Amino acid sequence: MKNFIIIVLTTITSISISAQIHGFVLDEFQHPIQDVTILNKRSNMHTHTDANGYFSKLNAIQGDSLQFSLIGYKTTFFKISEANLGQNIKIILSESFLTLN
């Protein structure tokens, strides 16, 4: 009788959980900022804030970096973690001052 060795190969795939990211963008005085562009740097998907500074409908996975930008404000980056997937996030943008010579 022959002995057979059966080798079973299994692959472990990492499952990335995607969730919609939503939240508010405010200035330093807690006022909402309209028309901020929010860009997911991995997927190149983007959205904008409304008149109340609210944004939604932006899918992201853990580790994604979101870029928040608007002329007159410093561009801000936010890294998505497992803890904030599906949660409201609040971003504060600081004004950007340039002097021309």
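## Close-up views of a predicted model

**View 1. Asparagine 84 sits in the loop between strand 6 (76-79) and strand 7.** A strand here is a DSSP run of E with at least two residues, numbered from the N terminus. This is a predicted model, in which local features need pLDDT of at least 70 and side-chain atom pairs count only at pLDDT 80 or more, while totals for chains, interfaces and linings use all residues. Residues are numbered from 1 along each chain as its sequence is written, and side-chain values use heavy atoms, with hydrogens and water left out. Asparagine 84 has 13% relative accessibility, so it counts as buried (under 20% relative accessible area; exposed is over 50%, partly exposed in between, with a 1.4 Å probe and protein chains only). A polar atom of its side chain lies 2.9 Å from the backbone nitrogen of serine 81. Beyond its neighbours within four places in sequence, asparagine 84 is in contact (heavy atoms within 4.5 Å) with Ile21, Phe78, Lys79 and Ile89.

View 2. With 17% relative accessibility, glutamine 67 counts as buried. Its side chain and that of lysine 41 are joined by a polar contact of 3.4 Å (a pair of N or O atoms within 3.5 Å; within protein, one must be able to donate a hydrogen and the other to accept it, and residues adjacent in sequence count only if both atoms are side-chain atoms). Setting aside neighbours within four places in sequence, the contacts of glutamine 67 include Thr37, Ile38, Leu39 and Phe77.

**View 3. Aspartate 64 and arginine 42 form a salt bridge, with their closest N and O atoms 2.6 Å apart.** Aspartate 64 belongs to the loop between strand 4 and strand 5 and arginine 42 to the loop between strand 2 (37-40) and strand 3 (46-48), so the pair ties together parts that are 22 residues apart in sequence. A salt bridge means a side-chain nitrogen of Lys or Arg within 4 Å of a carboxyl oxygen of Asp or Glu. A search of the whole structure finds one salt bridge. Aspartate 64 counts as buried, at 3% relative accessibility.

**View 4. Three strands make an open sheet with mixed pairing, in the order 4-1-7.** Strand 4 and strand 7 are the edge strands, each pairing on one side only. Neighbouring strands of this sheet are turned by 35 degrees against each other on average, direction ignored. Two strands pair if DSSP finds at least two bridges between them. Strand 1 and strand 7 run parallel, joined by five bridges, and glycine 23 has isoleucine 89 in strand 7 as its bridge partner.

**View 5. The largest nonpolar core has 16 residues.** Ile21, Val25, Phe55, Leu66, Phe68, Ile89 and Leu93 touch the most other members. At least two core residues come from each of strand 1 (18-26), strand 4 (54-61), strand 5 (65-69) and strand 7 (88-92). A nonpolar core is a set of buried Ala, Val, Leu, Ile, Met, Phe, Trp, Tyr and Cys residues joined through side-chain atoms within 4.5 Å. Not counting residues up to four places away in sequence, leucine 93 touches several residues, including Val25, Ile33, Phe68 and Tyr73.

Terms used: Helices (H or I, at least four residues) and strands (E, at least two) are DSSP runs, numbered from the N terminus. Axes are lines fitted to C-alpha atoms, for helices over the stretch in contact, and angles run from 0 to 180 degrees between N-to-C directions.
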